[in-house]
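Here are some notes for a colleague who is meeting this structure for the first time.

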Amino acid sequence: MTTMNPTVDASLPDAGRAPGTPDAPAEYLLDADEVSELRAAAEKLGEVYGAPSLPEFYDRALTAEELLPAGLRTFLLEYRRSERNASCLVHGFPVDGGALGPTPGHWREAIHGRTARDQEVWLALCGLLLGDPFGWATLQEGRIIQNILPIHGDEDRQSGYGSEALLEFHTEDGFHPNRCDYLLLMGLRNPDAVPTIVASVNDVRLAGADRAVLAEDRFLIRPDTEHIRQLETSAPGHPALPRLRAMAGRPAPTAVLFGDRLSPYLRIDRPFMDTLPGDTRAEAALDRLMAELHRVQRDVAVAPGSLLIVDNYRAVHGRRSFTARYDGTDRWLKKLTVSRNLRRNLSGYALDHPRVIV
């Protein structure tokens, strides 16, 4: 049984938080001077280095994160280095809903738009402070910054384009050995306060026997269908497709918990995940872990101008179901994935840019 937790309104710092709540998201509120600095940074970088959704931006803007306000830089560096919190929130980025224009009906429309350029610049700078932003050849035509929005016909899909279906708990791209360290979600529009769900492995209570089972290579995680679907549509001859199909058909056994035994990291994607055939102990341990993650989950409604950062090794995330209107007013987030070691992503494929991986 899922335990519901109060929604945290990401437009209000500390809203919904009780004193002493375990692993509550760290929060930072930008002040007026910092907003002015951010506007100046966007104006300086927006045209000089090109679109932050394209990999070339990051080759040119080598020290651009220094343009972030000093207080925000300190906050993000503390979050990265301490690993004290599995998620954090930054509030107060300017978003003009009128200038933004309607929520696009599809990510293909969104990737060619320019109305959210300032927000993409700020998202890119925060990502650069945390590590190396990167994208996937398999998703949104290799864009580094992607779009989370409902798409008509995808209502029941386990992806950022779904709406009617609960997006279940998962590690972002959990099937892949080179998944991101950090997931960044910046709110552009969210009139219905649709919550993102976050649960930290720091908060779960598990028996030692379950922890031992979950730390063994007894679990199979397959690619989510969106990676394969988009690549089959956009580049059916891409050399990554055979590898992805092999990962789907013959996934390598892996552990769910890894790293420090008492403070582990987590790798999970329940909708695309099984145990080894006949391994009832592993299945039971996984079920108990899922129950614990539901028990400690938090709802975070990422409001316009708020940035949610999830430690992809410390937390899982999902999204509550909602009814999309498809009238230009639906929820719209910008998404960025960040690696702490981009070199581990090199795969040997001849790609246009090493920052776009497969």
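**Notes on helix packing**

1. In H8, the residues His227, Ile228, Leu231 and Glu232 meet Ala240, Leu241, Leu244, Arg245 and Ala248 of H9, where contact means heavy atoms within 4.5 Å and helices are DSSP runs (H or I, at least four residues) numbered from the N terminus. By class, this contact has six nonpolar, one polar and two charged residues, with Ala, Val, Leu, Ile, Met, Phe, Trp, Tyr, Cys and Pro counted as nonpolar, Asp, Glu, Lys and Arg as charged, and the others, Gly among them, as polar.

2. This is a predicted model, in which local features need pLDDT of at least 70, side-chain atom pairs count only at pLDDT 80 or more, and totals for chains, interfaces and linings use all residues. Residues are numbered from 1 along each chain as its sequence is written, and side-chain values use heavy atoms, leaving out hydrogens and water.

3. Helix H8 (residues 225–234) and helix H9 (residues 240–249) have axes 10 Å apart and pack at an angle of about 150 degrees, the axes being lines fitted to C-alpha atoms over the stretch in contact, with angles from 0 to 180 degrees between N-to-C directions. H8 and H9 are therefore roughly antiparallel, a term for angles over 145 degrees.

4. The mean pLDDT of the chain is 89, and 91% of its residues reach 70 or more, pLDDT being the predictor's confidence in each residue, from 0 to 100. Over residues 1–21, however, the pLDDT is below 50, although this stretch has 46 contacts in the model beyond near neighbours in sequence.

Conventions. Helices (H or I, at least four residues) and strands (E, at least two) are DSSP runs, numbered from the N terminus. Angles under 35 degrees count as roughly parallel, over 145 as roughly antiparallel, 65 to 115 as roughly perpendicular and the rest as oblique.
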